[in-house]
Amino acid sequence: MSKHVNAAWIQPVSPDPALLVDRDEEQKSLRRYLDESLEAQQRDVQILVSGPRGVGKSIFTKTVLRQFARANPKSVLVLTVDGRGLRYREF
C-alpha cells in the first residue's frame with residue numbers, strides 16, 4: 001500500500017514541533033494511514049511525505065511517528081538512522 005501526504009507550509013525552518021502550525025489535517029491523515037496499516041497487520045507500508053526543501057517534512061514525520069509510537073508502544077518500533085554525509089553504498 002502506498003500513500004501520499006503533502007507537507008507544504010510557510011513557517012520558518014525549525015526542528016521545533018510547536019511550529020507545525022495548521023498541519024492538523026495532514027497529521028490526522030498520516031495517523032489514519034498508520035492506524036489502518038496497523039489494524040490490517042500490514043508489515044510493508046510505504047508513505048511518501050513530499051514538499052519543497054525546508055518546509056518541515058522531517059519534523060512533521062517525526063512528530064506523527066512519535067505520537068503513533070506512544071499510542072501503540074507494543075506494536076511500533078521507531079528506528080532513527082542519521083545517514084547524513086554517507087553515500088548510499090556506505091549506508
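**Reading helix H1**

Mentor: Look at the face of H1 turned away from its buried side: Asp 24, Glu 25, Lys 28 and Glu 39 are exposed there. Exposed means over 50% relative accessible area, buried under 20%, and partly exposed in between (1.4 Å probe, protein chains only). Helices (H or I, at least four residues) are DSSP runs, numbered from the N terminus. Mind that this is a predicted model: local features need pLDDT of at least 70, side-chain atom pairs count only at pLDDT 80 or more, and totals for chains, interfaces and linings use all residues. Residues are numbered from 1 along each chain as its sequence is written, and side-chain values use heavy atoms, leaving out hydrogens and water.

Trainee: Which residues of H1 are buried?

Mentor: Glu 26, Gln 27, Ser 29, Leu 30, Tyr 33, Leu 34 and Ser 37. They sit on the same side of H1, because they cover an arc of only 165 degrees around the axis; the arc is that of the directions from the helix axis to the C-beta atoms.

Trainee: And which residues make up the largest nonpolar core?

Mentor: A nonpolar core is a set of buried Ala, Val, Leu, Ile, Met, Phe, Trp, Tyr and Cys residues joined through side-chain atoms within 4.5 Å. Here the largest has six residues: Leu 30, Leu 34, Val 49, Phe 60, Val 64 and Phe 68.

Trainee: What happens just after H1?

Mentor: Gln 41 takes a positive phi of about 55 degrees there.

Definitions and conventions:
Helix = DSSP H or I, 4+ residues; strand = E, 2+ residues; numbered from the N terminus.
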